[in-house]
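Hello,

Here is the structure I promised to pass on to you. Have a look at it first, and then read on for my notes.

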Amino acid sequence: MESHNLDKLRHSCAHLFAAAIKTLYPEAKLAIGPSISDGFYYDVDYGDISLSEADFPRIEQKMHEIVKKWTGFDKREVSYEDAKAFYQNNPYKLELIEEFNKNGEKITFFKSGDFEDLCQGNHAENPKENLKHFKLLSVAGAYWRGSEKNKMLTRVYGTVFPSKLELEDHLKRLEEAKKRDHRKLGRDLDLFAFSDLVGKGLPLWTSKGTTIKRVLERFIVDEELSREYEHVSTPPIAKVDLYRTSGHYPYYKETMYPPMKVDDEELILRPMTCPHHFALFKTRPRSYHEMPVRFAEISPQFRYEKSGELTGLIRVRTFLLTDAHIITPKEQAKKEILGVLDLIDYVNKALGLKAGVDYRYRLSLGDRKEDKKYYKDDAMWDYSENILREVLKNQKVPYFEAENEAAFYGPKIDVQMKNVNGKEDTAFTIQYDFVMPKRFELRFINKEGQEEEPVVIHRASLGAFERTIAFLIEHYGGSLPLWLSPVQVSILPISDKFQDYAGNIKSEMLKKGIRCEVNSQSKTLGAKIRETTLQKIPYMVIIGEKEQKDNVISVRTREGKDLGQITVAEFINKLKSQIENFS
RNA sequence: GCCCUGAUAGUUUAGUGGUAAAACAAACCCUUGGUAAGGGUUAGACUGUGAGUUCGAUUCUCACUCAGGGCUCCA
């Protein structure tokens, strides 16, 4: 079915849901019920009743009953007064009616069976026949009109398809996605864990998870050094004054951990690295000869995210960011941004991620009307937003623009990635900052011997390890590429007799930097292969009498491919070249 | 933070107003095997924490903690 028609079906299903609700809960006040990308939802104020998923079967049954009488959606135009009278007890619909009226839009009602709803149209034909294959999925709270200040309504999500088969397919896909969830794989593959005692949003990395972090860290640090970044180290704690100077304090007070009083000082766990790098920059005068200065750091940071915002490794309260600040003369900023984009492109290729498929670029813009949220300097906003736009256009990469997504100090280019649940988050970012240099009085001496104010490019090349690893786990369904796999090779001796030979092969590989282990359990080969495959270890080395006699090994991949017998040296060479190619 | 749901062994789940059952994982024993599960034995849970109701609570009630789905937020 065309997506246009699917939209109509979804929206019609929202009507049907509302009709069932009004039958079962006459006191409920309907708010809005749009179609969304995978189905529909309806926000309803149920008063004192609290709806839960346990009520779904009853509601679904009622929906099936009602739709039998629905032959179509009959439109009628209603006057402002009549509409208000019809919805006199429903503040949500009244608010919408007021708005339509103010904007000079016609007020229309659509009736199907006995149920009539304020609506602008777009419905399926012959609901009786076409509106059969639906399912209610979840209950959630949602603020009226999306504002935290408004009342929270109860939102029910549901989905609908033209055929039973398509509905089942969709539900199956949702199930499959759950299997790739990094939280499940993180436990099954022994990568990370959480502890009630340690606290929420504070991940504990196992040795395997730590290996992934270390490999990524070495990769990015080496790459950045080759691109003329200076890797520095600054403390993860600092005086609150530092953040007052930077201007972060008033903007982000809510997401910072509260200050610790020590003697006469107030210290804070850092929620970002920028002011530390600026302070380092200012420890001595800087000449244009050494510009741009590119300070990079693998930086631990701490943010007090609201409890409901935490999600596995994707949103945590402490994380390790591949941070950097490029302090550059304004006229070189564009070139530097291009350099960062090139680095990010390189990183994504190494990680095996494709633009447009696995991630997309977002140009995150400010809002000239939001003076509280964004630093007021319209000319600078225009200028910097244009630079970022030009850069993206030059790179010929697809991107989209998003209003009201900038940092308070300037616009950004964000690399957005989706998790298994379809939720998109920023993985990597490049930010243009024209505010901090002023606040920190950053200066360098230019060719003319004059003090000049630079601009700052904030960037995260590989993002936060936590979030990036979460995306990678889900992207690969746990089967990480060889170079990132915590255990690259598992040696499976066919019986205890070959333990010594297995041990020798292991030390030989460890010496060459291959991460391997011996599976010395007293189990059949079949059982060991199964276990190793489930642990998603890329290669299995199987050794028995034949191998020992000929001084070779047999190799099998986690995909089940038999690579036959080769020498250990050959195998190591093969692994090495594969690792070098990030595959 | 707000709305909804949930928490039983390492994991996945069962169950009951009278202190809990299973599978997989683990340990040990037998087996020494050839490309996705060999067999047996044992151990492992004060049923998330604290309080209340009750003769008695894992079960009912409340609070807290943590987790999940949303909303808001996301430097």
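Let me start with a detail from one of the sheets: Gln416 stands opposite Thr426 in S20. Please keep in mind throughout that this is a predicted model. The two strands concerned, S19 (residues 412-418) and S20, run antiparallel and are joined by 7 bridges. Both belong to an open sheet of 8 strands with mixed pairing, in the order S11-S15-S16-S23-S20-S19-S17-S18. At its edges are S11 (230-231) and S18 (399-402), each of which pairs on one side only.

Stepping back to the whole chain, chain A is divided into domain 1 (3-180), domain 2 (187-236 + 288-475) and domain 3 (482-580). Between the C-alpha centres of domain 1 and domain 2 there are 39 Å.

A second open sheet is worth a look. Its 5 strands follow the order S25-S24-S26-S27-S28, and again the pairing is mixed. The edges are taken by S25 (516-518) and S28 (562-566); each has a single partner strand, so one side of each is left without a neighbour in the sheet. On average, neighbouring strands here are turned by 25° against each other, direction ignored. S27 and S28 pair over 4 bridges in the antiparallel sense, and Val555 stands opposite Gly564 in S28.

Now to the RNA. The largest share, 7 residues, comes from H17. By type, the surface near RNA strand B divides into 18 nonpolar, 23 polar and 20 charged residues.

S5 (residues 108-112) and S6 (residues 115-118) run antiparallel, joined by 4 bridges, with Phe110 opposite Asp117 in S6. Their hairpin has 2 residues between the strands, and Gly113 takes a positive phi near 60° there.

The other is helix H6 (residues 164-180). At 1.5 Å a residue, its 17 residues should span 24 Å, and the end C-alpha atoms are 25 Å apart, which agrees. Why can H6 be said to lie largely in the open? Of its 17 residues, the number buried is 0, where buried takes 20 or more other C-beta atoms within 10 Å of a residue's own.

Best wishes

Methods: Residues are numbered from 1 along each chain as its sequence is written. Chains are lettered from A and ligands numbered from 1 in the order in which they are written. This is a predicted model: local features need pLDDT of at least 70, side-chain atom pairs count only at pLDDT 80 or more; totals for chains, interfaces and linings use all residues. Domain bounds come from an automatic or database domain assignment. Ala, Val, Leu, Ile, Met, Phe, Trp, Tyr, Cys and Pro count as nonpolar, Asp, Glu, Lys and Arg as charged, and the others, Gly among them, as polar. The expected span of a helix is 1.5 Å times one less than its number of residues. A residue is buried if 20 or more other C-beta atoms lie within 10 Å of its own, exposed if 12 or fewer, and partly exposed in between; C-beta atoms are placed from the backbone. Two strands pair if DSSP finds at least two bridges between them. Axes are lines fitted to C-alpha atoms, for helices over the stretch in contact, and angles run from 0 to 180 degrees between N-to-C directions.
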